[in-house]
Amino acid sequence: MANPLLRVFSGLTASRRTVDTVIPRRTFDDVVLPPATRRALDQALVHVTSHDLIFNRWGLGERHPTGFALAFNFAGPPGTGKTICAEALANALGRRLLVVRYAEMESLWMGETPKNVSAVFRLAREEHAVLLFDEADAIAARRSSSVEHGFLREANTVVNVLLKELETFNGVVIFATNLAANFDPAFERRMSTHVLFEMPGVHEREQIWRVQMHPTLTPLASDVNFRELAEQFEVTGGDIRNAVLKAATAAAGEPGRDTSKAIHQRHFQDGIRDVIAAKRVMRQSLFKPGDTDLAGDDRAQAVSSLLLGAWPALVIGIVALLVAVAALIVALVR
Ligand SMILES: Nc1ncnc2c1ncn2[C@@H]1O[C@H](COP(=O)(O)OP(=O)(O)OP(=O)(O)O)[C@@H](O)[C@H]1O
Ligand SMILES: [Mg+2]
């Protein structure tokens, strides 16, 4: 890692890197997308390639020096392929990918964030890299009109600095987010293309199961049926990836010679069920163990049942308070 700036960002601790340079390996052939998402991505790519033609080779960049940035918004639920597509886009452009994890940067560098945002753009310029603000939900949030608190002032400054950098940055920036609705409107206008990553349909899921296998080396049993898995489980590409790894681990862990081992349909089914169960645990409600998503009415009911459950403790507390007050009065009267 020769670049001193990169060393400053990533050298703090190996486990908490805020900026990573990635040499992209994955291509658009590794990604399976719903048609609308694919069209928007193709459009983004054309934007980049024709941008070079128009602004550099046709010389229009000299006449229009501002408004250069090619900023893309990749929005969609977790595991729908935003990060992998950023890598594929960088690959298609023959550039490296500079991945910024903004949340980490902010927590590590409280008070210094605006300066570091500028430094990241400088670094991308030097490395001629595609810049990816991964998990950018926080950074692009709306500016607040209340600036009483230091952190709100800093958040506003960060957005202002970002907007300024975007005006003059002669490169490609991607913002990946699960919560595009939070974006500051000024920020939204600077994005040249918005790509919505939708949940994959049955056809896409079947293909995603397939692309997760090695074309020749992964041993699949004859009962494996990806279409059936795709129809049975409505999940994201990220879930499928995790299920495949679980299935492979389970198959490899079974007794017997390695050469006779193979991944069966049941391994994939168990793997994806595990992944779905793990997601349920993560979404578990505090109010009703076992429920994942509580609707408004259910939530109100859960709150009232919680209050009902707290009744005895409340009564005991009030009685104890009354006894204490009575004891105090008796002590004072004596
Ligand atoms: N559309 C897809 N086609 C093929 N593989 C996919 C797709 N979506 C996800 N995957 C697989 O899941 C992994 C995780 O996807 P990725 O990190 O790109 O999701 P993400 O949208 O960036 O999620 P997050 O919002 O959590 O960051 C990828 O490395 C890939 O193996
Ligand atoms: Mg991601």
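**Ligand contacts, cores and ring pairs in a predicted model**

Q: How far from a nitrogen atom of ligand 1 does a polar side-chain atom of Q212 lie?
A: The model is predicted. In this model, Q212 faces a nitrogen atom of ligand 1 with a polar side-chain atom. Polar contacts are N or O pairs within 3.5 Å, and the distance for Q212 is 3.4 Å.

Q: Which element gives the largest share of the largest nonpolar core?
A: This core has 29 residues, and F121, L131, F133, I139 and F175 touch the most other members. Elements that give two or more residues to the core include β3, α6, β4 and β5. The largest share is 6 residues, and the element that supplies them is α7.

Q: How many residues are in the other core, which lies apart from the largest one?
A: Among the members of this other core are L41, I84, L89 and A176. Its number of residues is 25.

Q: Why is the ring pair of F121 and F133 tilted?
A: The ring centres are 5.9 Å apart. Planes under 30 degrees apart would count as stacked and those over 60 as edge-to-face. The planes of F121 and F133 stand at 35 degrees, so the pair is tilted.

Q: Which parts does the pair of F121 and F133 tie together?
A: F121 is buried at a relative accessible area of 0%, and F133 is likewise buried at 0%. Ring pairs also link these two with F169 and F175 into a cluster. Because F121 and F133 are 12 residues apart in sequence and sit in separate elements, the parts tied together are helix α6 and strand β4.

Q: How many residues apart in sequence are the parts that W209 and F268 tie together?
A: Both W209 and F268 are buried. Their ring centres are 5.6 Å apart with planes at 75 degrees, so the pair is edge-to-face. W209 lies in helix α9 and F268 in helix α12, so the pair ties together parts whose separation is 59 residues.

Q: Is N242 buried, partly exposed or exposed?
A: N242 is found in helix α11, and its side chain makes a polar contact of 2.8 Å with that of R241. Buried requires under 20% relative accessible area and exposed over 50%. N242 has 32%, so it counts as partly exposed.

Note on methods: Residues are numbered from 1 along each chain as its sequence is written. Chains are lettered from A and ligands numbered from 1 in the order in which they are written. This is a predicted model: local features need pLDDT of at least 70, side-chain atom pairs count only at pLDDT 80 or more; totals for chains, interfaces and linings use all residues. Side-chain values use heavy atoms; hydrogens and water are left out. A nonpolar core is a set of buried Ala, Val, Leu, Ile, Met, Phe, Trp, Tyr and Cys residues joined through side-chain atoms within 4.5 Å. Buried means under 20% relative accessible area, exposed over 50%, partly exposed in between (1.4 Å probe, protein chains only). Helices (H or I, at least four residues) and strands (E, at least two) are DSSP runs, numbered from the N terminus. A polar contact is a pair of N or O atoms within 3.5 Å; within protein, one must be able to donate a hydrogen and the other to accept it, and residues adjacent in sequence count only if both atoms are side-chain atoms. Rings of Phe, Tyr and Trp (its six-membered ring) pair if their centres lie within 6.5 Å; planes under 30 degrees apart count as stacked, over 60 as edge-to-face and the rest as tilted.
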